[in-house]
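Student: Hi! Could you walk me through this structure? I'd like to go through it bit by bit.

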Amino acid sequence: MGPEHEVGLREEAGLSAPTRRRPPLSPGNRTRLVLASALMLFVELALIRWTSSNNLYLVHLTNFVLLASFLGIGLGFLSARSRRDLFPLAAPLLALLVGFVLAFPVRTGTTNAGGWELRGLLGMPPLPRPVSLAVVFLLTVAVLMALAQEVARVFATFAPLEAYRLDVLGSLSGIAAFAGLSFLRLPPLGWAVAAGAAFAVLLGRRARGWPAVGVAAFVLLLGVESVVGPFQWSPYYKIRTQDAPGGNVRIDVNNTPLQTSATVAQIRRDSPFYLYPYTYAGSREDVLVIGAGTGNDVAVALAQGAQRVDAVEIDPALVQIGRERHPERPYSDPRVTVHVDDGRAFMERTSRRYDLILLALPDSATIVTGQSALRLENYLFTTQALERARSLLKPEGTFAMYNYYEPWLLDRYANTVQTVYDTAPCVQLGPTHGQRRQAVLTLREDGSAGGCTTRWAAEGTALEPSVDDRPFPYLGTRTIPSFYLWMLALVLLVSVVLVRTVAGPLRGMRPYADLFFMGAAFLLLETKNVVQFALLFGTTWAVNAAVFAGVLLSVLAAIEAARRVTIRRPLLLYAALLAALAAAWVIPQDALLDLPPGPRFAAGVTVAFLPIFLANLLFAVRFKGVGSSTVAFGANLLGAMVGGALEYLALVLGFNTLLLVVAVLYGLALLTGRRHLAATA
């Protein structure tokens, strides 16, 4: 699920509003709606990004904040006609949320036995996970509800499609603003100043008192976090750097240790497993390092005689730290070419052949925004990724991957290598660190091991390899973890209660069952687009922002079509939508990956965004005729929340199967909304 889906729901509320006398329109009204929509989406994106950098409970649950934002926006639109003006409360509530997260962080700390444990502020125990998540969820709902009410009240002053058009333009502006600040690598103080300026403009005279205090408070809190301490912010992480012995630098990201730079001599002494891949490798003149970080692996490759090294690292801030502070200065060596890129995307684009390809400790501490279980590196560990890596090896070239693995994960990766090469890889083991152990898997292009005699052998039944359609290497079995199930059940329960409180009895939603199914279907469709583009073009922040913008542009195109064309037979839209879904189902992702970048982009955009365009046309046609905007919107909101829960089916069935679920849901929407189609025709 992504933030742009909420834009579609906001349109639904506007389209269904009863006809009433509207106040005179002015350029100021239009500007206000664009600015309010931009602020709302900007704050949502900032919360998703920022909360997970301070609370490890949220690192792999960013859709938790998305669901809270989504619910809050829905409630804000449902309360648009309330006598209580909620917008002045938005800034104080945001300050309260920021203060809570800073006062009760969740970090990683070391134990006396050398293991890891979670800690709170000043080394104290953190809040229990249910308590921490509950407070973050409810405060996020409250903040977005207050922001959304302001958007909804201005939205209602326009004709539905004009309001929706301005709302989409504002949402695009919010995405562009946050992407721009991410590109500039500004800390949260920059985000706070931008949001504070928008609050000041929108509040006007209402800024006196608590609203002004709220703006000042969240700007001050985020300013202190940005200025105090050795922190910097990349598009992916909150990065903390500390001096380490020997002139090295230790790096923590999102409150978790990531890596410590070291000289080659120190690596030989303290971490010799960096050298294991070279034990049985042949030539090592041309080397590809994926997950280069600050440069340890690159420095080792140079010391081992590499004449050319392609160093691929997704985070530009880590590369900069390596350039400036790594004791060996590997990125200044003329033999090294640095690529700030997603590792899988680089392998798909390059045509160069290598003597040695290294997957060098790629282990991110964040996930792809808009998808609850897809980490930045997941597409590196599928059978298709390893097949692509093998195709880039020269004859007698060597593939190696290494990290600190738990035994079951080592077995999965070894089985993946065996599946690709039809033979067991060489395995070299190092010391144990807690439940993990240093391990290196190595194999040559022809399946030989270069003289290695310690081949991997599974103990019992090895875990199945991950594949592009189900890229979840860290999930032991095809199941949904019980914690996710409990979380989703509680989120849905809270959503029902809050929607019931704001929108009235739920039985009044029966006439809008088709809207319920549309909401669930559209959310899943958006999820499929996020992961498909992550595979085709990389899991970078830029690709993710482009997908969100692409969805909004598809929505904008649907608005313009609906404004200019009268759809007299909506049933044909259903047929076209199901046909587009069928095409997306039958076109294999491998076929798109095999295309050159230009045609791949054109094909990917067509396959991904045509269903979204058609779905939004259906929304426009259907919502023009609803009798009660509040009830209709509540039904669609509950459907979207259910869609957020159904997203987790991908953990068991894979992402492509979500298209079948989407088709079924739109089929149910067609069956339950037949009488509305007849009325439209």
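**Rings, sheet and bridges**

Tutor: The structure holds 23 aromatic pairs, where rings of Phe, Tyr and Trp (its six-membered ring) pair if their centres lie within 6.5 Å, with planes under 30 degrees apart counted as stacked, over 60 as edge-to-face and the rest as tilted. This is a predicted model, in which local features need pLDDT of at least 70 and side-chain atom pairs count only at pLDDT 80 or more, while totals for chains, interfaces and linings use all residues. Residues are numbered from 1 along each chain as its sequence is written, and side-chain values use heavy atoms, with hydrogens and water left out.

Student: How are the planes of Phe-199 and Phe-218 arranged?

Tutor: The pair is tilted, because the planes of Phe-199 and Phe-218 are at 55°, with the ring centres 5.9 Å apart. Phe-199 lies in helix 7 (residues 188–203) and Phe-218 in helix 8 (residues 210–227), so the pair ties together parts that are 19 residues apart in sequence. Helices (H or I, at least four residues) and strands (E, at least two) are DSSP runs, numbered from the N terminus.

Student: Are Phe-199 and Phe-218 buried or exposed?

Tutor: Both are buried. Buried means under 20% relative accessible area, exposed over 50%, and partly exposed in between, with a 1.4 Å probe and protein chains only.

Student: Which residues form an aromatic cluster?

Tutor: Phe-42, Phe-178, Trp-191 and Trp-233 form one. Trp-233 also has a bridge partner, Lys-238 in strand 4.

Student: How many bridges join strand 3 to strand 4?

Tutor: There are 3, and strand 4 covers residues 238–244. Two strands pair if DSSP finds at least two bridges between them. Strand 4 and strand 5 pair over 6 bridges, in the antiparallel sense, and Arg-240 stands opposite Asp-252 in strand 5. Strand 5 and strand 6 pair over 4 bridges, also antiparallel, with Val-253 partnered by Thr-256 in strand 6.

Student: And the hairpins, which residues take a positive phi there?

Tutor: Gly-246 has a positive phi near 80° in the hairpin of strand 4 and strand 5, which has 3 residues between the strands. In the hairpin of strand 5 and strand 6, with 2 residues between the strands, Asn-254 has a positive phi near 50°.

Student: What touches Gly-246? I'm curious about Gln-266.

Tutor: Gln-266 touches Pro-245, Gly-246, Asn-248 and Ser-271, not counting residues up to four places away in sequence. Contact means heavy atoms within 4.5 Å. Gln-266 lies in helix 9 (residues 264–270) and counts as buried, at 16% relative accessibility.

Student: How covered is strand 5?

Tutor: Mostly covered: 5 of its 6 residues are buried. Strand 5 (248–253) is among the strands that the buried residues of helix 11 pack against, as are strand 3, strand 4, strand 6, strand 8 (308–313) and strand 9 (336–340).

Student: Which residues of helix 11 are buried?

Tutor: In helix 11 (residues 316–325), they are Ala-317, Leu-318, Val-319, Ile-321 and Gly-322. Asp-315 caps the N-terminal end of helix 11, with a side-chain oxygen 2.9 Å from the backbone nitrogen of Ala-317.

Student: New topic: which cysteines form a disulfide?

Tutor: Cys-426 and Cys-452, with their sulfur atoms 2.1 Å apart; a disulfide is a pair of cysteine sulfur atoms within 2.5 Å. The pair links distant parts of the chain, 26 residues apart: Cys-426 is in strand 12 (residues 426–433), and Cys-452 is in the loop between strand 13 (436–444) and helix 15 (482–503).

Student: Why is the disulfide right-handed?

Tutor: Because the torsion about the S-S bond of Cys-426 and Cys-452 is about 75°. Cys-426 counts as buried at 1% relative accessibility, and Cys-452 is buried with a relative accessible area of 8%.

How values were computed. A polar contact is a pair of N or O atoms within 3.5 Å; within protein, one must be able to donate a hydrogen and the other to accept it, and residues adjacent in sequence count only if both atoms are side-chain atoms.
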